Amino acid sequence: MTMQIPDNDHPAIQSGGLVRVLFVCLGNICRSPLAEGVFREAVGHKNLDHHFQIDSAGTGAWHVGEAPDRRMQQTARRNGVSLADQRARQFQVDDLRSFEHIFAMDRSNLNDILFLDGTGEFGHKVRLFREIDPEPGDYQVPDPYYGSGDGFQDVFNIVKRTVDEMLSRMIEEYYLT
Ligand code: 4NP
């Protein structure tokens, strides 16, 4: 492995040492709250909380202020992750400036986010969450909202292995200890 010395343009240095990560889906009540919760849990497990700002948002406003979907919360809890303190919020144009890494759960979310980047200035920060997934399938996290119970566990499995890979890459990229 080659080591690089971070320079002053490094995004984590620009943002006062924090790596700011935002997960985005449609409603902010199923997929992105799960990604936020699982990432938080993984970061906490490695005692790296002080390096991160972690959040999630939805491109739509229907569920603003609501707790995550009960079925998603149950699945998360069964797998050792609590989503109980989260409340849905809508993605804002300002988020494009505030976060270094913006992960869209599906292509529709990605398009909606990029549409808000009128000047194309922030596009490099925005990508599909499953680009990091070692088994990326069609690169989208399926929306479990209208599906059956198993859909929620499938989403958990996708999110868990993607988040684990994401955290190892960030630990290397930002020299986190
Ligand atoms: P999410 O799931 O985008 O993963 O939070 C959805 C939640 C609600 C709706 C759609 C998707 N909805 O249409 O209300």
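**Close-up views of the predicted model**

Phe-103 is buried, with a relative accessibility of 1%. The structure shown in these views is a predicted model.

**View 1. Strand 3 and the direction of its side chains.** Strand 3 covers residues 101–104. His-101 and Phe-103 point to one side of the strand, while Ile-102 and Ala-104 point to the other. These four residues are buried. In a regular strand, side chains alternate between the two faces of the sheet.

**View 2. Strand 3 with its parallel partners.** Strand 1 (residues 19–25) pairs with strand 3 in the parallel sense through four bridges. In this pairing Phe-23 stands opposite Phe-103. Strand 4 (residues 126–128) also runs parallel to strand 3, and three bridges join the two. Between strand 3 and strand 4 the view includes helix 5 (residues 107–116), and the three elements make a right-handed β-α-β unit.

**View 3. The aromatic cluster around Phe-23.** Phe-23, Phe-39, Phe-52, Phe-103 and Phe-129 form one aromatic cluster. Six aromatic pairs are found in the whole structure. One of them is the stacked pair of Phe-23 and Phe-103, with 5.9 Å between the centres and 25° between the planes. This pair links strand 1, which holds Phe-23, to strand 3, which holds Phe-103, across 80 residues. Phe-23 counts as buried because its relative accessibility is 0%, under the 20% limit. Phe-23 also pairs with Phe-129 in an edge-to-face arrangement, at 5.9 Å centre to centre and 80° between the planes. Since Phe-23 lies in strand 1 and Phe-129 in the loop between strand 4 and helix 6, this pair ties together parts that are 106 residues apart in sequence. Both Phe-23 and Phe-129 are buried.

**View 4. The largest nonpolar core and Met-170.** The largest nonpolar core has 36 residues, and Phe-23, Leu-34, Phe-39, Phe-52, Phe-129 and Met-170 touch the most other members. Strand 1, helix 2 (31–45), strand 2 (52–58), helix 3 (70–78) and helix 6 each supply at least two residues of this core. Helix 6 gives the largest share, 10 residues. A second, separate core has 13 residues, among them Leu-22, Phe-91, Leu-96 and Leu-110. Neighbours within four places in sequence aside, Met-170 is in contact with Val-19, Val-21, Phe-39, Phe-52, His-101, Phe-103, Tyr-175 and Leu-176. In soluble globular proteins, nonpolar side chains tend to be buried together.

**View 5. Two tyrosines with positive phi.** Most residues other than glycine have a negative phi. Tyr-139, in the loop between strand 4 and helix 6 (149–174), has a positive phi near 70°. Tyr-139 counts as partly exposed because its relative accessibility is 34%. Tyr-175 belongs to the segment after helix 6, and its phi, near 55°, is positive as well. With a relative accessible area of 28%, Tyr-175 is partly exposed. Tyr-175 is also one of the residues in contact with Met-170.

**View 6. Arg-71 and the ring of Tyr-145.** Arg-71 lies over the face of Tyr-145. The distance to the ring centre is 5.5 Å.

Terms used:
Residues numbered from 1 in each chain as written. Heavy atoms only, no water. Buried < 20%, exposed > 50% of the residue type's maximum accessible area, 1.4 Å probe, protein only. Pairing = 2+ DSSP bridges. Right-handed = clockwise from strand over helix to strand, strands pointing away. Core = buried A, V, L, I, M, F, W, Y, C linked by side-chain atoms within 4.5 Å. Contact = heavy atoms within 4.5 Å. Phe/Tyr/Trp six-rings, centres within 6.5 Å; stacked < 30°, edge-to-face > 60°. Lys NZ or Arg CZ within 6 Å of the ring centre and 35° of its normal.
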